[in-house]
Amino acid sequence: MPKDTGIGASPVRREDVRFLTGTGEYTDDIVLAKQTYAVFARSTVAHGTIKSIDTSAAEGMPGVLAVFTGEDFVEVGGNPAGWLINSRNGEPMKEPKRPVLAHGKVRHVGDAYAAVIAETIEQARDAVEAIEADIDELPAVVDMNDALSGSNFVHDEIETNQCFDWGWIEDNRDATDNAIKNAHHVTTLELVNNRLVPNAMEPRASIGSYKASTGEYTLHTTSQNPHLTRLLISAFVLGIPENMLTVIAPDVGGGFGSKIYHYGEEALVLAAAKKLGRPVKWTADRTESFLTDAHGRDHVTKIELALDKEGNFLAFRTDTKANVGAYLSNFSTATPTFLHGTLMAGNYTVPLVYVNVKAVFTNTAPVDAYRGAGRPEATYSLERVIDKAARELRMDPIELRRKNFIKPDQYPYASAAGLEYDAGNYDALMDKMEEVADVAGFEARRKQSEANGLMRGFGVNAYIEACGIAPSNLVGVLGSRVGLYDAATVRVNATGNLSVMVGAHSHGQGHETAFPQVVAEMLGIDPAVIDIVHGDTSKIPFGMGTYGSRSLAVCGSAVVRATEKIINKAKKIAGHMLEASDQDITLENGVFSVAGTDKSVTFGEVALKAYIPHEYPLEDIEPGLEETAFYDPANFTYPSGAYACEVEVDPETGKVRVDRMCAVDDFGNVINPMIVTGQVHGGLAQGIGQALVENTSYDENGQLLSASYMDYTMPRADDMPMFHVDHSQGTPCTHNPLGVKGCGEAGAIGSPPTVVNAVIDALQSGGTNVTHIDMPVTPARVWDAMQNAKSEEA
């Protein structure tokens, strides 16, 4: 096995060659024989009754092959939520149907009510303009408070805009209330987790095709989760037999959560392909992405922290309104509840936690999981209120956190929010953060900033997240409609090269590099001979896709188990070849040997023999060398970290500049440090974007005001400092074979509160009494806060 290629090494990502040379294959790159094109007619009003849709002019236009409306899909199912949530009183959540095309009403700007299929994309666009839709506009429900108090319903049939009123943990409610009532000190903070648009580089795209001779459907689509897409279309939406539908997700240019879910456009192109007997392609333009991709976050929260006179945490209580938009997307009910509420104890020994979440329908785009999915929302609330408490108590923010940290000798630790943490060392992370962030030198840097007419602030954060979104038996009890295991097949070919088929999908995570490192390490062979196959439901075992920082911990563990099966069978074959018991066979550096002798055979020789069974006993050893394994975790994994940020604020303009950013994370064992560092960099950029510039804005009529890059600010290179990323303080996960935790979402979880804490520190060091500014912390908001603080002082 070559040096510097196994576990712990940082070989360059093999997939980057095709990405950097433009030879990757994305869905829109695919052109099938006789391919046609779909374009959707989308609502220009946020809420309205569809009185009529006249498609006759469009149907007669050149190149038009078919026009579909919601009437064509009345008899088919709706796209369901993947998680059933009950309210505090035991009442099941409201789950109105999410149709393929809007029928009866449109419920947000961009809601598709018709689709044109034509020979060319230009012809389809022209024909869409000819569709006459008579839509009686209704008052839009945009504000969540208005939605809960009014009688204007997004879905008339459920007679409410409240999806559910969830409490966690309900048995803690009275005790938490009493702890807050009787506490020495209570810090209260009201805050907003701003709505975000995912903005992957590749917009969503789908191609449906149908083979009449066999009844087989194929869907090429931009998906993080092809098996789930197949399952939903088969079981809930179109009723296609699952064995007759293949879903293929080729190269995917970013997802960040927004491509986990099934969307109506995927079902439409399949139905159209069957009707026409020709493939149908749809590719979103950027405006469609802004209007219809599932958005992220959008929580309004009141959080209270109770402390005793020594600064020990007694209780956290939160009351959150979570916007789910016009329809329930597949993970939309899990994100604000079990992916959020169960993290509301953080890294701390707080004995009581109570979380109340009201999920609210509004006439806006659906909201679902976005990088971090509930964990950023929880961390932001916790770490902002802790920082505010430290200032109110005149305590050092780092020391207040340290005082309440879970200690290493307390593991496994049952948190007050219902999770059992298996391993961690939060003090060690904080120690390392203070070292690499050069906390000791901060005051000198602050004085230098002041000499330049700027205010410098230091912000800190300690986070924990639950990754893997498993085990299945637990999430099943909590309402999940699917299992959350994963699977892998390892196929050793006769010539000694390997194909590893994995249920996880790679869309930027580096699976094609990291998974071979694991297999190569176990077999002692060159990773270059190992090929990773993913994204095609006809080739890979049933898996649950990529999200929730689960790929290596869950699918990687399945890879380990399948490889262990390969080794066990290979030892039997080697034992026969060497005339020894398989119990005496060892494997080291790709060579099978008889213990205590010089007798050996190479891995390649065993692979060839597996397919030429002339001599070994077939009653004991089957021909071939291929194994499949499924892995369902015993628990979540719990990455954690300590982050630090330094900002400079211009008091004349309110402009915030991030000068330094430090991320110290515990990811357990690290397979490829370079990939991990890159994942953290990406998460930090997204988190800083949320903290400083990104914001989705609707007006009172439900019109999206930030529907392009002219109005929705994305972070740029000059918004970012050089990042200092460290993952040297890992504590191995105790319940998966690799000892790994998740890393893909950490940066987006840890950075927003760190940045905002730094901004508040800068403003207070400059003499203002500003205690909070909602994200994004734009120059206008900072300047306004400073002016309001001056007015109050006057």
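**Figure 1. Aromatic cluster around Tyr348 and Phe405.** Six residues, Phe313, Phe316, Tyr348, Phe405, Tyr411 and Tyr426, make up one aromatic cluster in this predicted model. Rings of Phe, Tyr and Trp (its six-membered ring) are paired if their centres lie within 6.5 Å; planes under 30 degrees apart are stacked, over 60 edge-to-face, and the rest tilted. The count under this rule is 23 aromatic pairs. The Tyr348 and Phe405 pair is stacked because the ring centres are 5.7 Å apart and the planes meet at 15°. Tyr348 is in the loop between strand E14 (313-325) and strand E15 (352-361), and Phe405 is in the loop between helix H10 (397-404) and strand E16 (413-414), so the pair ties together parts 57 residues apart in sequence. Helices (H or I, at least four residues) and strands (E, at least two) are DSSP runs, numbered from the N terminus. Tyr348 and Phe405 are both buried. Buried is under 20% relative accessible area, exposed over 50%, and partly exposed in between (1.4 Å probe, protein chains only). Because the model is predicted, local features need pLDDT of at least 70 and side-chain atom pairs count only at pLDDT 80 or more, while totals for chains, interfaces and linings use all residues. Residues are numbered from 1 along each chain as its sequence is written, and side-chain values use heavy atoms, leaving out hydrogens and water.

**Figure 2. Edge-to-face pair of Tyr463 and Tyr643.** The two rings are 5.5 Å apart centre to centre, with 80° between their planes. Tyr463 belongs to strand E18 (residues 455-464) and Tyr643 to strand E26 (residues 640-649), so this pair ties together parts 180 residues apart in sequence. Tyr463 is buried, at 1% relative accessible area, and Tyr643 is buried at 0%.

**Figure 3. Charged ends over aromatic rings.** A charge sits over a ring if NZ of Lys or CZ of Arg is within 6 Å of the ring centre and within 35 degrees of the ring normal. Arg204 places its charged end over the ring of Tyr263, 3.6 Å from the centre. Over the ring of Phe68 sits the charged end of Lys275, 5.0 Å from the centre.

Figure 4. Of the 18 residues of H9, 16 are buried, so the helix is largely enclosed by the rest of the structure.

**Figure 5. Positive phi at Lys34.** Lys34 is not a glycine, yet its phi is positive, about 60°. Most residues other than glycine have a negative phi, and most peptide bonds are trans. Lys34 is in the loop between helix H1 (16-20) and strand E1 (36-42), and it counts as exposed at 63% relative accessibility.

**Figure 6. Two cis peptide bonds.** The bond from Trp168 to Ile169 is cis, with omega near -10°; Ile169 is in the loop between strand E7 (162-168) and helix H5 (173-182). The bond from Met775 to Pro776 is also cis, with omega near -5°. Pro776 is in the loop between helix H18 (746-765) and helix H19 (779-793).
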